[in-house]
Amino acid sequence: MENKQPVIQIKNLCKSYRRGSQIIPVLENINLEIAQCEFLALMGPSGSGKSTLLNLIAGIDKADSGIINVAGTDINSLSETELAGWRAGHVGFIFQFYNLIPVLTAYENVELPLLLTGLSRKQRRAHVETALKIVNLSDRMDHYPGQLSGGQQQRVAIARAIVTDPAIVVADEPTGDLDRVSAEEVLELMERLVNELCKTIIMVTHDPRAAKKAHVIRHLDKGVLNATPQAYF
Amino acid sequence: MQLLKLIFKNAFRHRLRTFLTITGISIAILAFGLLRTVVNAWYAGVEASAANRLVSRNAISLVFPLPLSYKEKIRQIEGVTNVSYGNWFGGVYIDEKNFFANFAVEPKSYLELYPEFILPQDQKAILLRDRKGFAAGRKLVEKYKWKLGDTVVLKGTIFPGTWDFVLRGVYKGRDKSIDETQFFFHWDYLNESLKKSFPMRADQVGFYLIGIKNPNVAADVSEAVDRTFKNSLAETLTETEKAFQMSFISMSEAIVVAIQLVSFVVIIIIMAVMANTMAMSARERIAEYAVLKTLGFGGTYITALIFGESLFISSAGCIIGIILTFPAAKIFGDAMSQFFPIFNVSWNTVYLDVAASVVVGGASAIIPAYRAVSIRIAEGLRRIG
């Protein structure tokens, strides 16, 4: 693990929110390195800033100060438009409530990120079928989200997250809305993504069982990252 | 392609809401189209006016007559090609509710001045020979199921008595803008009767119709006619046929303006309904828009989704509304034919319908699209669950 190059480097990161005239600090002086093919779990109580940190790493929010270097790019310096393009090519997203488009089939949901690429319809089809095969849902590609169980929907969301072959996958409470069996399936799938496809996964979770699947667990409390990583491998 | 598919699927996500909105827009477009057609019908006489025809009447009021002797003097004025004359007869057919325009005219010159009234040559020849003969428009004849040779009796109101006429000709309009509900007969028939019953009213006409060489001389000829009869017992007021028709419209201009205002109010109301529908739809999908932005889709795509859905719904309503306008206008026009002899849905009305639906669809999407595009992704994602 120590030999691997860090794919994400965060230095002196600060983030605060403004509520009226009040400025509420959320993250204070965060320093963090995440290696390639690492599965990192971010834990902490509600309001500790873990989702905010995940959003900053994923480029869907902007830090007040500090550096977030992802695969050689300081994403905090990118404009909104540049960030949108960067996210499309580098990051896959898994949400707690799956966030699939309900009027699109599993196939169409997974295909969505590929519409921003220059791939032909045939190439897109090949990518989507591969992604759905990885999550073991090839037989459900024509089903709508409403026709799938929670676990299956989350697997479709994982397929959507990996279909563009991003280096990083961020997951915000991916098992938070699932029963134990489905949660286990999803976590095993995420482990496979790291071990077999060398994806770097950053997962926010409250669930200690889910966190145990990660290589490293970091705790956030009141916007401050704990000093020592807790390794599980 | 995927964008269009998503727009279509989004539009029918809440089928009842979409159905009700499309129904509302259809009814609004139908109402708008009918009201515009009523306004057009009001101006139908003006629209059908020819630029090379003048109308001369008594300068005091239309109800005062002019001497028949003016005809030859008018004919001699430079620029005049033809002169006809007539009276508003105001006869009643069986019952007062059977209203239609009926005139006593000099038929030969009248038909020469109105080539848009197409009368078969054989019927025209018989009409000109028979002093009790009359010609009527196709719609009027069909309405009362008259046949050539039938005797039609009108009760005089301005000219008392019972007047018998024989149908000798049925004219058709050259196009849809021509009134096919007129009834006209020989002025001589009226005048001869008046000579016997009311000699003081004989040899008097209600108006002169003057044909001119070209529209450019209208002002000069009008002025020349009025100058000719200045300081006489019956001074004239001569104007173009269009201005003459407009003088009738101007009497009821307030009603026309009110109808026009109502037609636009209908569109504003439906715009509010449509804006509410789009605001609800966009608010429900804020999280989805945030997801799309997360995946890398830009504001343009999301704007296109919202505008596309809004325009799709308004266009669907517009198409249904336009399709319904034609049969509705036919039914309305038939029922109100005595007031609106020409009641046709014009292409301008259809274009206005389309423009109204585009404005409604576009305007309704502005605020939802702005909100969806400007909301921060993290904030949008928090709207989940």
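Predicted model: local features only at pLDDT ≥ 70, side-chain atom pairs only at ≥ 80, totals over all residues.
Visitor: Let's move to chain B. Why is strand E12 of chain B described as largely enclosed?

Guide: Count its buried residues. In strand E12 (residues 207-212) of chain B, 6 of the 6 residues are buried, so the strand is largely enclosed by the rest of the structure. You can check each face, too: B:Phe207, B:Leu209 and B:Gly211 are buried on one side, while B:Tyr208, B:Ile210 and B:Ile212 are buried on the other.

Visitor: Which strand is joined to E12(B) by 6 bridges?

Guide: That is strand E3 (residues 80-88) of chain B, which runs antiparallel to E12(B). Within E12(B), B:Gly211 stands opposite B:Asn82. Strand E1 (residues 53-58) of chain B also pairs with E12(B) in the antiparallel sense, over 4 bridges. There, B:Ser56 has B:Tyr208 as its bridge partner.

Visitor: Now the cores. How many residues does the largest nonpolar core have?

Guide: It has 110 residues, and those with the most contacts inside it are A:Leu42, A:Ile57, A:Ala159 and A:Val170. Helix H2 (residues 15-42) of chain B gives this core its largest share, 10 residues. A second, separate core has 45 residues, including B:Phe207, B:Tyr208, B:Leu209 and B:Val225.

Visitor: What does A:Leu42 touch?

Guide: Leaving out residues up to four places away in sequence, A:Leu42 touches A:Lys50, A:Leu53, A:Leu54, A:Ile202, A:Met203, A:Val204, A:Arg218 and A:Leu220.

Visitor: And the interface: how many residues of chain B are in contact with chain A?

Guide: There are 17 residues of chain B in contact with 17 residues of chain A. On the chain B side, helix H1 (2-11), helix H12 (286-295) and helix H15 (377-381) each supply at least two residues. The largest share, 6 residues, comes from H12(B). By class, this side of chain B has 7 nonpolar, 6 polar and 4 charged residues.

Methods. Residues numbered from 1 in each chain as written. Chains lettered and ligands numbered in written order. Contact = placed C-beta atoms within 7 Å. Nonpolar A, V, L, I, M, F, W, Y, C, P; charged D, E, K, R; others polar. Core = buried A, V, L, I, M, F, W, Y, C linked by C-beta atoms within 7 Å. Buried ≥ 20, exposed ≤ 12 C-beta atoms within 10 Å, placed from the backbone. Pairing = 2+ DSSP bridges.
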